[in-house]
Amino acid sequence: MNFPRLSWKGILHYRATGLLICLGILIASATLTGSLVVGDSVRGSLRETVLRRLGNIDVAIFSTNLAPVSLTDHLDASSKFRQSYSHIVPVLQVIGNAVNLNTNQILPRINLIGIRSDFPLAYPSFRAPIPHERDVVVNETVANVLNLHVGDALMLHIPSMSAVPTDSLFGRRSKEDAASSLRVIVSAILPKNEGDFSLTASTGSTEDIYISREWLRMLIGEKEDCANIFLLVKSASGEDADAATVKSALERYAQLSDFGLNVTENTDHRYLNLQTDSIVMDNKVVQAAREAATDCGAYSTLSSIYLATQVSNTQNKNSLHYLVVAGVGDGLGISCPDNEILLNSWAYKRLLPKLGAALNVKFLAPDWMGTYEPRSLTLRYSGLTDPTGEGYDDGLVPTVPGITDEESIANWNPPFPINLGVVTPDDEAYWNTYRAAPKAFASLDTVKAMWLEGSMDSMKQWVTGVLALPRPIVGKAAHSPFTAQEMEALKATFIPALLHRLVEDNAGLSVLPVRQLALNAANGSTDFGGLFLGLGFFLVIASLLFSGVLMRLSGERRASEAGVLLALGFSPEESIRAIKLEGAMLSLFGALAGTGVGVAYAAFTLFLLSTKWRGAIGDTHLDLHLMLSSLFLGFFLSFFIAFLSMLFSLGRLTKRPALRLLRGETQEIHPVKKVTFAEKATQTVVLALALALFVSSTLFKLISGAESFFAIGALLLIAFLNGVRILLKRQYDRTITGSNLRRLALRNLSAGLLPSMAAIGLIAGGVFVLIAVAANVRVYHQGGLLSKTSGTGGYSLIVKTTLPVNSGKTLMGEGESANPQDAPLLRQCRIMPFLESPGDDISCLNLAAPEHPRLLGVSRAFMNADGFDISANSYSPNPWNLLVAAPKNNIIPAFADSDSAEWILQSGLGQTYEITLPNGEKQKIRFEGLLKHSVFASEILISESNFRKLFPEVSYPRYFLVQTPPGGQDQVSNALQRDLADYGVQIQTSRDFLNSIIAVQNTYISAFLALGGIGLLLGAAGLIAALLLNAWRRRKEFAMMLAIGFDKRDVVTLLLLEYGGILAIGLLTGTVTALIASYPEIISSDARINWQIILITLASFLVAGILPCLFAGKHIASQNIPIALKEE
Amino acid sequence: MKLRLENIGKSYPLPNGNLEILKNLSLDANSGETIAVIGPSGVGKSTLLNIIGSLEPVSAGKALYNNVDISHLTERELASYRSSCVGFVFQDHHLLPQLSALENVLLPVLAYQLRTSEGKRESASMIFSLPPPPTNEEARKKAEEMLERVGMRDRMDFAPGKLSGGERQRVALARALINGAELLLCDEPTGNLDRDSAGGVISLLLELAREKNAGIIMVTHNHEHASKFQKCLKLNDGALQECSP
């Protein structure tokens, strides 16, 4: 004989109870382990998706503009690079929209990927023939949405990728220039999982169309072979290679042309001029160039040029037309204060101004309505640029396609209107000799201001050149201030230094470890394991309680065994060891079985997430992923918790004297004390406090939200339960007379006050939580969303376009192909444009953690309109003004939707958050305001000026909020659909968007209610099992009642009154308190409480509890009275 | 074996004061001596047995077993005492329903082994000079012999649920004697049995005690059974008085 054998015998003998205990532990274990497996599966599925979509790609080089494909040859020159990376595949990727020419269905925001035959080296899943000419390969998502088959015709619309800023004088903005179209034929459709190429960890389907890179290049108007993404595949020996390897190779072997830059030497050996294909230089490139100059001990200054349409002498009326005005910084020997102008000798001879004469400079400034507004400024003539020479220096002027590359002014093809009638043969002669050499010089700030007149981007420096010199030129510029050798030496050091800076600062080319970043993001922002554990905690608690109670009752029932063992000479600890060992074995069996069932539970949950609860995960495909670590963790946690609860249940048994255990006395009998004044006073105070809070929150709205709910709910529960306790205690105040079974039942409940209150409290708590959660289901309907302070700000439509809308006229229904009837309607709307960055959705609709959160630039006009429900970090009459506060320590103020900030970004009001920009750079923001339940759930909001600083390449908006006239929402939507069709428009009502967000929450609530409902039923079953076992223990008492004249019906009635009473009181308490605490949510117009489900759950709970009482009562009432009275 | 109770007092606290069950009770019992204790219900007979068996502490006085004051022993020491020196036979047999008759008889052996195992010689076993425990084979052989002796050998693999009341009590008797207890404490062992079974159990009890030279203190209401004992004591007003059964 030994303890394990003793325990095993006990398990076999009491197998019925043991099975029930095991069952409870199994359910808890299954829920726990299953939740962990769900979390692993979501993460694993995201990871799998990410890896599949990445193919073999490890690192990618992103070009802000377009980089020549020769970059691959430059990198290949590095032996270390060749060792680390076996393939480098250039790809051209643009966002466009596609139209099925058979059905006219439009699919906006598709990824158009230009590839060549080397693409499968990076993305082996691509198994179709490489498209050539007008063939395209589409993925299954595109084919399904557009209802495409092989051979169908598509029209592709894509934006031109001009390097020249479209919001500048030289930017081409006409519809023909801004976008191109191409008719293509579908040559193949890639099945799911083969055609979903993506470099980010985006969840949901990707919409990819693959086209020949050559044709895509032609479509966007590029003459040279180019790409904007270079995909790098590690070699077998390149395990340790990372982004740093690539950066190092770029620094060493890349050329300036790879960055769209060139350095020319002024013919006078005066400076090296760094210029860009984009005409206007990116701020980061400017900074990199100036730092590079400092690195190699050189001097740098800036230059900018603009085209004046006319410069005229106000005194003698002489004028010149279409001349370049240049501005340069200090150190070049050309000094010009802000309100003055210098002329070269050619211009001077034509204008003949006296010193100090006022010269009127006219120029054009583009505006968003698509026109060019004439502007002018008056500058005082202060001298010649080069007193000793002619002063012609075309090295300052960058290449402007359509202008500087033309043989004559008459051949100019500018984007702005030009009057060739004013161009003289003299002008053409100058052009013939000196091309675009500036005829006038103003201060650098004056020329910059001319750029700024036509642009909304005040953050750009509007610099067209960075000049590097061996040292600053002092005084007036002399011819050839430096020697050829000095300039050569400068070039030899400046260019490598510049390349180093460009690569280091991610200026122009960014190197990103896409695989690593995507895998990090694939861990997800929502911990689904924890989430489902939270949703199922009810079930876990209920089942552990169920097992614990059964274990306790079993222990009590067998208490005499412990007493026997004590009497036989076992120590107190030994006397209970066998039962504890039984409990441990049952915990082990239950946990083990539960782990297995947990896998099935997880599989079923994933099935539900993919079907009924799809709202929570969108398009993401989920597979079951099993990780041994989670299975072990689930098993050990379940076993540990079950064992602990068993120990706790049995704990006090051994403290009883052996004799009492022998007699089966396991419970202390505590006499019930009378209700004291303090108890009554406390009850009154708690109730009064709860009432006061309720009135404050409901009528006066002094507190709201979660705080008021929890406070009121807790106080009400305490008050009600305490009230029940006092009621039960009062049962001892009067004698039970007559055949009053109700009084007897209440007295019996009072006798076991602690267990009775525990049961009531448990039921009340469970019901409270269920109803309170169910009260939060909401569906927005239109009425509540028109208010300015609602989550929509009064804007009823969200409009997104694929192509930037570079003309405000289009939005007014006055665009080139607008329907004339639309203009009057659209004029009644308020349309707010937003600049939109590329990036990830930060709402709960995106399962993956947002690697690069999407940002919106908010205009001043929008801010001034105010609106939305904002919690601000500091007081301001208009909280939106907090966005324009100057950044402190380079931390940009930002707003976000409160749920997105809290749950997805794991941040909050007043907290600093670091975002990663698409080029890999980090930027800190601080949430100065959070919007409640808003349409901005998917983006972070910053001011437009800060946005332009971060995304200088984004000139025009693609995101709009539209406030429509009452009743005109549908008409406005149709009008915008027509007028913006060429821009690839997507229109969604604010209501639908908010409902898609709230659907996620509603899904979680459904899951919680389902699991919680099961938990409640299980809790009811456990509770009733415990109570009925207790009733069984009292069968002698009932036998006695039968013996003295009560009949069977009385016994059944008594049991029903007692245990049914516990159920009913608990149910009523929980329901009433939940309804009161949730009153604000319930009366909300958006509430969509499924009362049916709640009633069914509660009714099932009641039935599940009452039926066993009936059964047990009949059984007890049918026992043989004498035997029962004598039975052991 | 020598048992001596000196001026034992036992009282229970009540809201209105203490309830004295035993007052200045003294008793001597030796090996082989059989004592029946009778008295009205509620007078404290079972309490007396429980005190001797260390199931209840005394409120006053001393209980000496072989000159060891058991009223001041630790829990472990008392467990040793109960595992080896005394054997209980209860009115409710208290056999474990999940064990067979043989296993129930072997149960005290396990307790004894725990008290006296090598390397864990506890002070208790040294207080009572306990010999080393038997091996499992020796224990089983002894248990079978005990069951043979009480006439239950052929049912040794039966669970208690399949035995009659008398048979269960016989098994309980075997269990009480398996570790060689020198003093048997029997609390109305025949209270739940019919007359014939009861008579058989009492006879068996006395035989076994004689064979083992064990003392018996038995609480009973049955004067006929009491008359078979060497001494009959009546417990009244908290004290023991000699009486005729």
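Does G166(B), with 21 C-beta neighbours inside 10 Å, count as buried or exposed? Hold that thought until the first view. What you're looking at is a predicted model, where local features need pLDDT of at least 70, side-chain atom pairs count only at pLDDT 80 or more, and totals for chains, interfaces and linings use all residues. Residues are numbered from 1 along each chain as its sequence is written, with chains lettered from A and ligands numbered from 1 in the order in which they are written.

**View 1. G166(B) sits in helix 6 of chain B.** Helix 6 covers residues 165-177; helices here are DSSP runs of H or I with at least four residues, strands are runs of E with at least two, and both are numbered from the N terminus. G166(B) counts as buried because it has 21 C-beta neighbours inside 10 Å. The cut-offs go like this: buried takes 20 or more other C-beta atoms within 10 Å of the residue's own, exposed takes 12 or fewer, partly exposed is in between, and the C-beta atoms are placed from the backbone. Leaving out residues up to four places away in sequence, G166(B) touches L193(B), S197(B), G200(B) and V201(B). Touching, or being in contact, means that the C-beta atoms of two residues, placed from the backbone, lie within 7 Å. L193(B) is 27 residues from G166(B) along the chain, yet their C-alpha atoms are separated by 6.4 Å.

**View 2. Four strands of chain B make an open antiparallel sheet.** Their order is 2-1-4-5, with strand 2 (17-30) and strand 5 (68-69) at the edges, each pairing on one side only. Two strands pair if DSSP finds at least two bridges between them. Strand 1 (residues 2-14) and strand 2 run antiparallel and are joined by ten bridges. Look for K10(B), which stands opposite L22(B) in strand 2. Helix 1 (residues 45-52) of chain B packs on this sheet, touching strand 1, strand 2 and strand 4 (60-65), and its direction makes about 120 degrees with that of strand 1. For that angle, axes are lines fitted to C-alpha atoms, for helices over the stretch in contact, and angles run from 0 to 180 degrees between N-to-C directions.

**View 3. N24(B) has a positive phi.** N24(B) is found in strand 2 of chain B. Its phi is near 45 degrees, a positive value in a residue other than glycine. N24(B) is partly exposed, with 14 other C-beta atoms within 10 Å.

**View 4. Chain A meets chain B.** Here 20 residues of chain A are in contact with 27 residues of chain B. On the chain A side, helix 1 (3-13), helix 18 (559-568), helix 19 and helix 21 (658-662) each supply at least two residues. The largest share, five residues, comes from helix 18 of chain A. By class, the chain A side divides into ten nonpolar, six polar and four charged residues. Nonpolar means Ala, Val, Leu, Ile, Met, Phe, Trp, Tyr, Cys and Pro, charged means Asp, Glu, Lys and Arg, and the others, Gly among them, are polar.

**View 5. G594(A) is a buried glycine in chain A.** G594(A) lies in helix 19 (residues 572-610) of chain A. Why is it buried? G594(A) counts as buried because it has 29 C-beta neighbours inside 10 Å. Not counting residues up to four places away in sequence, its contacts include I25(A), A28(A), T33(A) and S638(A).

**View 6. Helix 20 of chain A has 23 residues.** Helix 20 (residues 628-650) reaches 32 Å from its first C-alpha to its last, close to the 33 Å expected at 1.5 Å a residue. That expected span is 1.5 Å times one less than the number of residues. Among the buried residues of helix 20 are G634(A), F635(A), S638(A), F639(A) and A642(A).

**View 7. Strand 20 of chain A is mostly covered.** Six of the seven residues of strand 20 (residues 830-836) are buried. Five bridges join strand 20 to strand 27 (residues 959-963), and the two run antiparallel. P833(A) stands opposite F960(A) in strand 27. Strand 20 also runs antiparallel to strand 21 (residues 855-858), joined by two bridges, and there L835(A) stands opposite G857(A).
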